Amino acid sequence: MSEEIKKEEGYIDRSQIQTKEPGNSSMASAKLKSQISGWITFIVMTVLSLAWLTPIFLIVMNSFKKKLAIREGKGMAFDLLTKETFTGWSNYTEGAAKVGMLSAIKNSAIITVVAVLVLVLLTSMTAWYITRNKTKVTKVIYYLFVFSMVVPFQMVMYTMSNLANELHMASVPGLIVLYVGFGAGMCVFMFSGFVKAIPYDVEEAAMIDGCNPIQTFFKVVLPMLKPTCITIAILETMWIWNDYLLPKLILPTEVKTIPIAIDACTGSYGVKNLGWLMAMLVIAIVPIIIFYLSCQKYIIKGVAAGAVKG
Amino acid sequence: MNKKTYRKYFPLFVLPTLISFTIAFIIPFIMGIYLSFCQFNTVKDAKWVGFTNYIKIFSSEDATFLTTLLRTTKFTIIGVIIINVGAFLLAYFLTKKVPGTNIFRTIFFMPNLIGGIVLGYIWKEIMDTFCQKYFHHVFGYGGANYGFWGLIIVMSWQLMGYMMIIYIAGIQNIPEDVMEAARIDGATSFQILRKITLPLVMPSITICLFLSISNMFKLYDQNYALNGFSSKTNLVAMDIFDTFYNHQVNPYSEGMGQAKAVIFFILVALITFVQLSVTRKKEVEQ
């Protein structure tokens, strides 16, 4: 009996070993394989992302070079910075003074912040009103907003700048009004989508408790729309901060935004100094990088959400 | 709440948006359609000329429109393929267990925050020096090919990161148990990619295709900063601007610019309608 049991145990043991061993080694090799492929991916991605950063690196490096060291067309932009070619901050100070970079940054900041705040506030109000109060008029307005998203800027470029001139809107406040009007389509469309997802009961309860629409909107609806507000604010900030054509057409030539000032470095005002251009490009990038790194999470979420909706 | 109380609040909630919308969009749009049938130098002395502008932009008298349309189409197709294949590959590998994947995503997405003008000038200087140094015998200096492919490189550098984010969201939406089941059944990673990942991220692919198509087709800033005004490298958006503001010799130029803009609008609208009908169909199937 005991021998039989032993035999059985032995048999069982052996079978366990037999089935375990190949399993073990294949799992180990699979793990090793995935580790190796993980490291290969890591190396490839490191090389790629360094390549991605190279243009930025070259611009920063060349912004510290002397004028003669970055003459056009000599292939010198790739030469590393040396003691002889280093010029300190002079490209920054001289370039900024020449093209009025500081006032350009100020203008861009004012236009972007005010336009985005006004846009988010006004369009969220409009979207809530026309979603909750469906009449023939509000439906037509809604479809006009949606329609405007399809129309490229070139279609209204000439007539819009003409009309703005007629109405004496060739100024920073006028430009902000135009941004609100031209951005309204997408904002109202996105906000309405999210308003529809808010349960109506909450608003009804607020109104029964005696809130008028203003109180209902600001105390009940707007707090619930906060994530959407952030998404839309980020998408609109990226658009308005970087926009070139509209301010170029609307603003008087002495009022510049950052893209217009950069454009001015390249000869349209008789200023052609590559060192200055490089330095101004660095100044233009820095605020964007800070903005990106500080609200990266929202930006990436906003991009994904904006893509699904728009 | 009844309709009457709502109506009282119309001026506060809707009117400010509606007024700026009217100034920025509704009036310019209607005027734009009307002016495309007129000869004018300023809006006030517009004279009705019927379809003359439309005939002129498609006749041999102004050869730029058809060539730029063709060039833009070629540019869009090539660019969209490169951008989406690249973006999908980036997303595919960055959703695997790779150390530092968040840093890589951050870096690849970064160019999207830099505006088109700044971006264009960054690359212009680099490409000028680079091509002068190494590739001058291939492209020559300032040639049309050089401008075309340069712009494709710039747009890939910019848009790949953007599309990558959307593809990553799509891949992460695939339920883990589906992948697990396929792995247990012994599917190779290539089979999983072809039979599971690709079909399940189809919605993201559609979104990215249309986003990149409309971005490339409507491109202006990068084209302007990198290439400047040139009939050899202009894309449609720039050709329209060029016709409006730079061709002052032809008395019809403003009208022709507006007619080009109307055609451009119709093409963009067509792309959008195709997109809508494709996505609708997909939703029904699901």
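Predicted model: local features only at pLDDT ≥ 70, side-chain atom pairs only at ≥ 80, totals over all residues.

Student: How many salt bridges are there between domain 1 of chain B and domain 2 of chain B?

Tutor: The count is 0. To be counted, a side-chain nitrogen of Lys or Arg must lie within 4 Å of a carboxyl oxygen of Asp or Glu. Residues are numbered from 1 along each chain as its sequence is written, and chains are lettered from A and ligands numbered from 1 in the order in which they are written.

Student: What makes domain 1 and domain 2 of chain B separate domains?

Tutor: The bounds come from an automatic or database domain assignment, which gives 3-53 for domain 1 of chain B and 63-285 for domain 2 of chain B. The centres of these two domains, taken over C-alpha atoms, are 32 Å apart. Contact (heavy atoms within 4.5 Å) takes in 10 residues from domain 1 of chain B and 9 residues from domain 2 of chain B.

Student: What area is buried between domain 1 of chain B and domain 2 of chain B?

Tutor: About 880 Å², with carbon and sulfur atoms giving 66%. The value is the accessible area (1.4 Å probe) lost when two parts are put together, summed over both. On the side of domain 1 of chain B, the residues that lose the most area to domain 2 of chain B are Q39(B), F40(B) and N53(B), together 50% of what that side buries.

Student: Which elements supply at least two residues to the side of domain 1 of chain B that touches domain 2 of chain B?

Tutor: First, the polar contacts: 1 residue pair counts between these domains, both residues at pLDDT 80 or more. The elements asked about are helix 3 (15-35), strand 1 (38-39) and helix 4 (52-58) of chain B. Helix 3 of chain B gives the largest share, 3 residues. As for the terms, a polar contact is a pair of N or O atoms within 3.5 Å; within protein, one must be able to donate a hydrogen and the other to accept it, and residues adjacent in sequence count only if both atoms are side-chain atoms. Helices (H or I, at least four residues) and strands (E, at least two) are DSSP runs numbered from the N terminus.

Student: How many aromatic pairs are there over all chains?

Tutor: The whole structure has 48.

Student: Why is the pair of F147(A) and F25(B) called edge-to-face?

Tutor: The ring centres of F147(A) and F25(B) are 6.2 Å apart and the planes stand at 65°, so the pair is edge-to-face. The rule, for rings of Phe, Tyr and Trp (its six-membered ring), asks for centres within 6.5 Å; planes under 30 degrees apart count as stacked, over 60 as edge-to-face and the rest as tilted. The pair crosses between chains, from helix 4 (residues 136-148) of chain A, which holds F147(A), to helix 3 of chain B, which holds F25(B).

Student: How many residues of chain A are in contact with chain B?

Tutor: 91 residues of chain A touch 87 residues of chain B. The area buried between the two chains is about 8,100 Å², 79% of it from carbon and sulfur atoms. W52(A), M155(A) and Y158(A) supply 11% of the area that chain A buries against chain B, more than any other three residues.

Student: How do you know that K44(B) forms a salt bridge with E166(A)?

Tutor: The closest N and O atoms of K44(B) and E166(A) are 3.2 Å apart, inside the cut-off of the rule. Across the interface of chain A and chain B, 1 salt bridge is found. Over all chains there are 5. K44(B) lies in the loop between strand 1 and strand 2 (47-48) of chain B and E166(A) in helix 5 (residues 153-166) of chain A, so this pair joins two chains.

Methods
Heavy atoms only, no water.
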